[in-house]
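Open the model in your viewer and keep the sequence panel beside it. The tour below goes from one selection to the next and says what is there.

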Amino acid sequence: MKALRPRGPQPTVVLTDGGLQLERTALAWRRTGCSLLICELAAFRVMAELDQGFIAVLFLAAAAPTLVIMLSGSSRPATAGHSLAEDEREMVYSSSSTGLRGLLLALLVALSGALCLLVLCSGAAAGWAIGESG
């Protein structure tokens, strides 16, 4: 049995979120930056308590640009459609892109992962991880 298709022109449905994808992306990068900053500061504290001064300074040095990126982002006012524009096809664009900030945060996440790998390979936190006091 064949499914019946209605004859005539089919209505076109355009799904749009009215520019909210830009907001969600910016908020996701802000959450990533906050999480990264918290992890870097926690790692700094753990390494400082384990008397691993060099590694602690590396984590603190990685936290500095993260903090600068987080504080340099401009918070958007509550007005609807701020810095958003629509073209003739009703496509929504933002005049200020968060691409560079996202790229820098992604690089800092990779750097933080490399520092954690350094900690694991050096064995600096081995006794702390199993509860031994040093």
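Begin by selecting T66 with its surroundings: apart from neighbours within four places in sequence, T66 is in contact (heavy atoms within 4.5 Å) with G33, L36, L37, E40, L105 and L108. T66 is found in helix α2; helices here are DSSP runs of H or I with at least four residues, strands are runs of E with at least two, and both are numbered from the N terminus. With a relative accessible area of 0%, T66 is buried, where buried means under 20% relative accessible area, exposed over 50%, and partly exposed in between, using a 1.4 Å probe and protein chains only.

A word on the source: this is a predicted model, in which local features need pLDDT of at least 70 and side-chain atom pairs count only at pLDDT 80 or more, while totals for chains, interfaces and linings use all residues. Residues are numbered from 1 along each chain as its sequence is written, and side-chain values use heavy atoms, with hydrogens and water left out.

**Next, L37.** Move to L37, which is in helix α1. L37 counts as buried, at 16% relative accessibility. Its contacts, again leaving aside neighbours within four places in sequence, are A63, T66 and L67.

**Zoom out.** Colour by secondary structure. The protein chain has 4 helices and 2 strands, in the order α-α-β-β-α-α from the N terminus. Of its 134 residues, 18% count as buried. Among contacts with a separation of 6 or more, 68% are between residues 24 or more positions apart. The accessible surface comes to about 10,200 Å², and carbon and sulfur atoms hold 65% of that; accessible areas come from the Shrake-Rupley method with a 1.4 Å probe, and for residues only the protein chains shown count as cover.

**Then helix α3.** Select residues 99–122, which make up α3. This helix has 24 residues and reaches 35 Å from first C-alpha to last, close to the expected 34 Å; the expected span is 1.5 Å times one less than the number of residues. Which residues of α3 are buried? They are G102, L105, L108, S112, L115 and V119. After α3 comes G123, with a positive phi near 75°.

Stay on α3 and pick L100. L100 is exposed, with a relative accessible area of 60%. Together with L103, L104 and L107, L100 makes a nonpolar surface patch of about 400 Å².

How many salt bridges does a search of the whole structure find? The search finds 1. Select R45 and E49, whose closest N and O atoms are 3.0 Å apart in this salt bridge. Side chains of opposite charge can pair when their charged atoms come close. Because R45 and E49 are 4 residues apart in helix α1 (residues 20–49), about one helical turn separates them. Both R45 and E49 are exposed.

Go to D51, in the loop between α1 and α2 (53–72). D51 has a positive phi of about 60° although it is not a glycine. Most residues other than glycine have a negative phi. D51 is exposed, with a relative accessible area of 68%.

**Last stop, the cysteines.** Show the sulfur atoms. The structure holds 0 disulfides (pairs of cysteine sulfur atoms within 2.5 Å). C116 is in no disulfide, and the nearest cysteine sulfur, that of C39, is 7.8 Å away. C116 is partly exposed, with a relative accessible area of 36%. C34 is partly exposed as well, at 39%.

Technical notes:
Salt bridge = Lys/Arg side-chain N within 4 Å of Asp/Glu carboxyl O. Patch = residues over 30% accessible without salt bridge, like charges linked within 9 Å, V, L, I, M, F, W, Y side chains within 5 Å.
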